[in-house]
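Hello,

Here is the structure I promised to pass on to you. Have a look at it first, and then read my notes below.

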Amino acid sequence: MNRALRLIARRALASIPVLLIVVVLTFLLLETAAGDAVDAYLLSIGGGDASVAQSLRAAYGLDQSMSARLWVYLSSLARLDLGWSVAFDRPVRDLIVERLPNTLLLMGSATALSFGLGSALGILAGARPGSFRDRALSTVSLVLYAIPSFWLGLVLSIVFAVQLRWLPTSGIETIASGRTGLARAVDIAVHLALPVGTLALIYMALFLRVMRAGMAEVWGMDFVLFARSKGLSRMRIVLRHVARNALLPLVTMLGLQAAAMLGGSVVIESIFAIPGFGRLAQEAVSGRDTALLTGIIVTSAVLVIAVNLLVDIVYALLDPRVGATERGA
Amino acid sequence: MTTMWRLLATPEGAIGLALLVCVALVALFAPVLSPGDPLRIAGRALTTPFSDAAFPLGTDRLGRDVLAGLIHGARASLAVGLAAAAAALAMGLCVGLAAGFAGGLLDEALMRVVDAFQIVPGFLLALAFVSVVGPSVPVVVLAIALGAWADPARLTRAQVLSVRERDYVAAAQVAGMHPVEIAVREILPNVLPPVLALSAIIVAAAILTEAALSFLGLGDPNVVTWGSMIAEGRNVLRSSPWLSIFPGIALVVTVVGVYLLGEGLTRVLSGRRAAA
């Protein structure tokens, strides 16, 4: 455990300069935008004169030089203050804290479901590489993985919400239903069934392919040959020897997919009108809310780092070789 | 040419190539197959598919021909997908070569920037970039490339590190070759194959990202794309679902073609390496 902790501490420290690069680059990119949040705000209320714009800019600190604002931003970031959203007239941190749980619930359920199903089907496919079952599963997963998530979401909602009317088309729960406890949990689950199902189908295809490829590789190794020569049953070889060793790349995939999943939340939350992190990003774009967009990008970078640290911990626990040669530094 | 024949001998390669050649031909001959502006109002609004011979796939809310949109949309999807992937690969190759070849502080600094681009969700970055610079085709290409160059950069650097200690590189150094010449003439050709193997995945991802961006209304408004057609059809999803379904099928067919071709290529290349 000590070995894993040392590894984690080192990785966490190493991610600080990377995070700093993210913050500075994002800040610079969004600063070059023509027109700021005050312009967008004035446009939305039907215009205003120059003095109003000037006083608004002074109030939000938008009239200072870029380097001065970058410094102010970095020092407030150190106090975990992400600035003020002009479009929502609320602190950026509050907005993100409010929206993030919905996205984490959506992503967490989709990941759990797709990881379970994908690895199980991957074992089925990889148990006999080249068999009919393997080819059928591989083809289906290839097509599934080629489907744009937003389109799959629309098609599933046409079928299950519009035609069959089994599930609601949008939202995360029935508005003002006054439900509490278990009834509310069921309500949320029913609302999330379509978006989670959409994401899970696509990511399941990815996990299936990784698992299958990993197993195909392990089959050729000497210890598998040894296990066969011992006369172990095929079932036992598949599960205890091949699948087990093919599971590690799947865990790596989880970390690599974290960023893509967060990015994908934008379209899926827009399709199903889920008030989450991704939808907030879209609202920030349409409101030209630089502070909010910067906050969202920085938060997503922190989340991705956190997921990867978590993956590292799992990896170190699963594989005793990881970090065994790390020295104290 | 032999690579081509071997590619056609694999089922993945043959099917993938056939699909892509179809899409590419449609894209190339779009002005011939469907003359005129695909965004013009051509007939009655919301014609049902297969009911009017003039509009085989029907019309949308404004009476625009869906088939014409699909044909012209192939251009946008393929062009943006290929251009973005090419830009991402070029950026990745340059940065990876520089980092791996220079080593030391420059390597460290460049790789931290690569890390930074890898932990920021590519789609969020593209969203932010397009919203800042404004939606037009070159901006969308650059936005997608910005989110995709980090993987090829990392792979290139790893390849360079494994190649640059080989004897022929040392020989070139002893012969007095300029470091830049060594990088371009000795190292690059040996680094390229595994990076190119990654290109199918990058092209597929670029096509899907372009579709998602234009679905959210962040594509060039004057160009018809499959993503924007899906978004347009979404307004009448309950009464006319086909408006969203057709362009989606076109997207899936194209991306499946790219994946299959990529798998075929990987199989042919790895088979050759095993034989050598």
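**What I found**

Chain A has twelve helices and two strands; here helices (H or I, at least four residues) and strands (E, at least two) are DSSP runs, numbered from the N terminus. Please keep in mind that this is a predicted model, in which local features need pLDDT of at least 70 and side-chain atom pairs count only at pLDDT 80 or more, while totals for chains, interfaces and linings use all residues. Residues are numbered from 1 along each chain as its sequence is written, and chains are lettered from A and ligands numbered from 1 in the order in which they are written.

Of the 329 residues in chain A, 38% are buried. A residue is called buried if 20 or more other C-beta atoms lie within 10 Å of its own, exposed if 12 or fewer, and partly exposed in between, with C-beta atoms placed from the backbone.

**Where the chains meet**

How many residues of chain A are in contact with chain B? There are 38, and they touch 35 residues of chain B; a contact means that the C-beta atoms, placed from the backbone, lie within 7 Å. Helix α10(A) gives the largest share of chain A's side, eight residues. By class, that side has 32 nonpolar, six polar and no charged residues. Ala, Val, Leu, Ile, Met, Phe, Trp, Tyr, Cys and Pro count as nonpolar, Asp, Glu, Lys and Arg as charged, and the others, Gly among them, as polar.

**A closer look at α11(A)**

Helix α11 of chain A covers residues 277-286. Eight of its ten residues are buried, so α11(A) is largely enclosed by the rest of the structure. Those buried residues pack against α5, α10 and α12 of chain A, together with α6 (122-133) of chain B. One of the buried residues is Ala281(A). Leaving aside neighbours within four places in sequence, Ala281(A) is in contact with Val266(A), Leu293(A), Ile296(A), Leu124(B) and Leu127(B).

Helix α5 (residues 92-126) of chain A packs on α11(A) at an angle of about 135°, with the axes 7 Å apart. Axes are lines fitted to C-alpha atoms, for helices over the stretch in contact, and angles run from 0 to 180 degrees between N-to-C directions. The two helices are therefore oblique to each other: angles under 35 degrees count as roughly parallel, over 145 as roughly antiparallel, 65 to 115 as roughly perpendicular and the rest as oblique. Leu95(A), Arg99(A), Leu100(A) and Thr103(A) of α5(A) meet Phe277(A), Gly278(A) and Leu280(A) of α11(A).

Most residues other than glycine have a negative phi. Leu80(A) is not a glycine, yet its phi is positive, about 60°. You will find Leu80(A) in the loop between α4 and β1 (84-85) of chain A. Is Leu80(A) buried or exposed? With 7 C-beta neighbours inside 10 Å, Leu80(A) counts as exposed.

Ala273(A) also has a positive phi, near 50°, and sits in the loop between α10 and α11 of chain A. Ala273(A) is partly exposed, with 15 other C-beta atoms within 10 Å.

Happy exploring!

Terms used:
Two residues are in contact if their C-beta atoms, placed from the backbone, lie within 7 Å.
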